[in-house]
Amino acid sequence: VLDTRGGAPLTSEVRTLPLTGVPAGASRVMVTVTAVGTTTPGTISVWPCNQTRPFSGIGATMAGAATAFSAPVSGTTLCMAANTSLHAVVDVTGAG
């Protein structure tokens, strides 16, 4: 669905991602977010854009390591941000 490695990395600025390819009638999806290209430890946050940004991230990243996280998301738009510069690869892994 998204791979930022071809462009600007994810940062503290909120990035909005329309969820495409989701079956009609699905009320929520499961996404897998893989953080890559980190140079410093940090956290990544993922949440439905129709909700308030959570206080904590879905997981911690480590410098130089690819780290994957899964999260359920309702709605049709995903918001993401990180407290360090990193690239993100996002896949929809399930729908219901």
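Strands, like helices, are DSSP runs, a strand having at least two residues, and they are numbered from the N terminus. With that numbering, Pro23 lies in the loop between β2 (15-18) and β3. The model described here is predicted. The chain contains 8 strands and 0 helices, and one disulfide is present in the structure.

**Overall form**

- Along the sequence, the elements follow the pattern β-β-β-β-β-β-β-β.
- The radius of gyration of the chain is 13 Å, close to the 12 Å that the globule rule gives for 96 residues, so the chain is as compact as a globular protein of that length.
- Taken along the principal axes, the box filled by the C-alpha atoms is roughly 40 × 25 × 20 Å.
- Of the 96 residues in the chain, 39% count as buried.
- The accessible surface of the chain is about 5000 Å², and carbon and sulfur atoms account for 55% of it.
- Among the contacts in the chain with a separation of 6 or more, 78% are between residues 24 or more positions apart.

**The open sheet around β3**

- An open sheet is formed by 4 strands in the order β1-β8-β3-β6, and the pairing is antiparallel.
- The edge strands of this sheet are β1 (2-3) and β6, each of which pairs on one side only.
- Strand β3 (residues 28-36) has 7 of its 9 residues buried, so β3 is largely enclosed by the rest of the structure.
- On one side, β3 pairs with strand β6 (residues 67-74) in the antiparallel sense over 8 bridges.
- Within this pairing, Val33 has Phe69 of β6 as its bridge partner, and Thr32 has Ser70 of β6.
- Strand β3 also pairs with strand β8 (residues 87-95), again in the antiparallel sense and over 8 bridges.
- In that pairing, Val89 of β8 is the bridge partner of Thr34.

**Strand β7 and its partners**

- Strand β7 is mostly covered, since 5 of its 6 residues are buried.
- The pairing of β2 with β7 is antiparallel and runs over 4 bridges.
- Arg15 stands opposite Met80 in β7.
- The pairing of β4 with β7 is likewise antiparallel, over 5 bridges.
- Ala81 in β7 is the bridge partner of Ser45.

**The nonpolar core**

- The largest nonpolar core consists of 19 residues, and those with the most contacts inside it are Val31, Leu78, Met80 and Val90.
- The elements that contribute two or more residues to this core are β3, β4, β6, β7 and β8.
- Strand β3 gives the most to the core, with 4 residues.
- Val90 touches Val1, Leu2, Leu17, Val31, Thr32, Val33, Leu78 and Met80, when residues up to four places away in sequence are not counted.

**The disulfide**

- The disulfide joins Cys49 to Cys79, with an S to S distance of 2.0 Å; the cut-off for counting such a pair of cysteine sulfur atoms is 2.5 Å.
- Cys49 lies in the loop between β4 (42-48) and β5 (59-61), whereas Cys79 lies in strand β7 (residues 77-82), so the pair ties together parts that are 30 residues apart in sequence.
- The torsion about the S-S bond of Cys49 and Cys79 is about 115°, so the disulfide is right-handed.
- Cys79 is buried, with a relative accessible area of 6%, because buried means under 20%.
- Cys49 is partly exposed, with a relative accessible area of 27%.

- Pro23 and Gly96 are 73 residues apart in sequence, yet their C-alpha atoms are 8.5 Å apart in space.

Methods: Residues numbered from 1 in each chain as written. Predicted model: local features only at pLDDT ≥ 70, side-chain atom pairs only at ≥ 80, totals over all residues. Heavy atoms only, no water. Buried < 20%, exposed > 50% of the residue type's maximum accessible area, 1.4 Å probe, protein only. Pairing = 2+ DSSP bridges. Rg over C-alpha atoms; globule rule 2.2 N^0.38 Å. Contact = heavy atoms within 4.5 Å. Areas by Shrake-Rupley, 256 points an atom, 1.4 Å probe, with all protein chains shown as cover. Core = buried A, V, L, I, M, F, W, Y, C linked by side-chain atoms within 4.5 Å.
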